Amino acid sequence: MLSLDERLKFALQEDIGRGDVTTLSTVPTGQQGIGLLKLKSTGVVFGLDVARSVFHLVDPELQVSWDVQDGRALDPQVLGKVTGSMQSILLGERLALNLMQRLSGVATLTRAFVDALGDSNTKVLDTRKTTPLWRDLEKAAVRAGGGVNHRFGLDDGLLIKDNHVVAAGGVRNAIQAAKERFYLIKIECEVESLEQLREAIEAGADRIMLDNMDDANLQAAVRIRNELNPAISLEASGNMSIERLRRIKDFGLDFVSVGALTHSATSLDISLDVRLA
């Protein structure tokens, strides 16, 4: 796995290429500047440390200071400033903003879903539907928004999905095969019907994902779980909107997983405006 700095270096190389011809031709060498990073829309800000890393990789002499903290819900305001070589500030501007905007968008959307649950015991989970190579940052943004991370990758959680069920010849076969191969790992199994739910409970699943069930079936699933094995966790997935979370928050579900947190978040509007030092 590449470190964050290694990935940031590749991203800077992608953007800068053989050199920023515009900055090199218009900004005098040695000119000093101040760049103000401004939040232009209301939301949860996240990615301040990442932006600092970007600027320091461009130029270790740049000074970055913040007036706010990650994870705070903020109205439009100045977030902080970067001071030093004007050429260096402009070289790091786009990548720093791209990452801050993207991560703040994820944190903001997550907070909206979490707030929809109010004082419910149900937790909001993310998924693996993330941007390739930036999963750790996007999952950190989910946490900043108040959500909970699901498995990070295929190796740190055993989740039997519908395609695994088909390949194994059924829910029971899939769970039994998983128990035999990885008997120390807790098993989650996706089900699409109440019949499959009962089968997964009887087969010994530790957590069950209720995929694309309507509200009535979600309530029925909770009743069945409570009757057969209250220790099993239930996770609802599919067609989860903020409006729907308000409806189902008192159903007794343990989790709702929302792919939209990372695949459909709208970037927050953040800009950088420079002035001469």
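How much space lies in the largest pocket? In this predicted model, the figure is about 380 Å³.

## Largest pocket

The lining of the largest pocket is made up of 22 residues. Nearest the centre of this pocket lie Thr127, Lys129, Lys161, Ser237 and Ser257. Two or more lining residues come from each of strand 9 (207-211), strand 10 (233-237) and helix 11 (260-263).

By class, the lining of the largest pocket holds nine polar and eight charged residues, together with five nonpolar ones.

## Second largest pocket

The second largest pocket has a volume of about 260 Å³, and 15 residues line it. Leu158, Ile160, His164, Ala178 and Phe182 are the lining residues nearest its centre.

At least two lining residues of the second largest pocket are supplied by each of strand 7 (158-160), helix 6 (162-168) and helix 7 (171-181). Helix 7 gives the largest share, with four residues. The lining of this second pocket comprises ten nonpolar residues, two polar residues and three charged residues.

## Annotated N-terminal region

An unreviewed UniProt entry lists residues 20-104 as "domain: Quinolinate phosphoribosyl transferase N-terminal".

Note on methods:
Residues numbered from 1 in each chain as written. Predicted model: local features only at pLDDT ≥ 70, side-chain atom pairs only at ≥ 80, totals over all residues. Heavy atoms only, no water. 1 Å grid on protein atoms, 1.4 Å probe; cavity = no way out; pocket = protein on both sides within 12 Å on 5 of 7 lines; lining within 4 Å. Points joined across faces, edges and corners; volume = space filled by probe spheres on them. Nonpolar A, V, L, I, M, F, W, Y, C, P; charged D, E, K, R; others polar. UniProt positions renumbered as here; feature names shortened; annotations may be inferred.
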